[in-house]
Amino acid sequence: MIRQIDPESAWSLLQDHPETVLIDVRDPLEFSLVGHPPGAVNIPWKFAPDWRINENFTAQVRQAIGDPHLPLLLLCRSGQRSQEAAQALEAAGFSDLYNVQEGFEGPLDPFRHRSSLAGWRFRGLPWEQS
């Protein structure tokens, strides 16, 4: 089962349970240039610019994490790609999965801007750029 979690609760889970791993599934350029939560592991679900699925995603997560029963938080820009990635991990036997709703930047506002309505950054949670 994939649980949905808001950004604040995700940050609390990371603080209260240090075994929890945050996987940022965005393209490496998004991760680096737009920013990411500190300590996030970047394993892309899809690659820009054509948004092709990373066929090695599950294997890369397994290699980076090891134990498929560790709690995993999955984060993307808005919560859509991370949900897809969580579904792939669930099908591969990972059992403690959370999709971070709103993602890092949240949905588009009426002016087609992100980070103005919701998301990790909008909520004022820690983040950094590479």
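Predicted model: local features only at pLDDT ≥ 70, side-chain atom pairs only at ≥ 80, totals over all residues.
Residues are numbered from 1 along each chain as its sequence is written. Local features need pLDDT of at least 70 and side-chain atom pairs count only at pLDDT 80 or more, while totals for chains, interfaces and linings use all residues; side-chain values use heavy atoms, without hydrogens and water.

The protein chain has four helices and seven strands, in the order β-α-β-α-β-β-β-α-β-α-β along the sequence. Helices (H or I, at least four residues) and strands (E, at least two) are DSSP runs, numbered from the N terminus.

The C-alpha trace spans about 40 × 35 × 25 Å along its principal axes. A compact globule of 130 residues would have a radius of gyration near 14 Å, and the protein chain agrees because its value is 14 Å. That radius is taken over C-alpha atoms, and the globule rule is 2.2 Å times the number of residues to the power 0.38. Of the 130 residues, 44% are buried, meaning under 20% relative accessible area (1.4 Å probe, protein chains only).

Helix H3 (residues 57-65) and helix H4 (residues 80-91) pack at about 75 degrees, with axes 10 Å apart. Axes are lines fitted to C-alpha atoms, for helices over the stretch in contact, and angles run from 0 to 180 degrees between N-to-C directions. H3 and H4 are therefore roughly perpendicular to each other, the term for 65 to 115 degrees. Phe57, Thr58 and Val61 of H3 meet Ala85, Ala88 and Leu89 of H4 in this contact (heavy atoms within 4.5 Å).

How values were computed. Parallel < 35°, antiparallel > 145°, perpendicular 65-115°, else oblique. Buried < 20%, exposed > 50% of the residue type's maximum accessible area, 1.4 Å probe, protein only.
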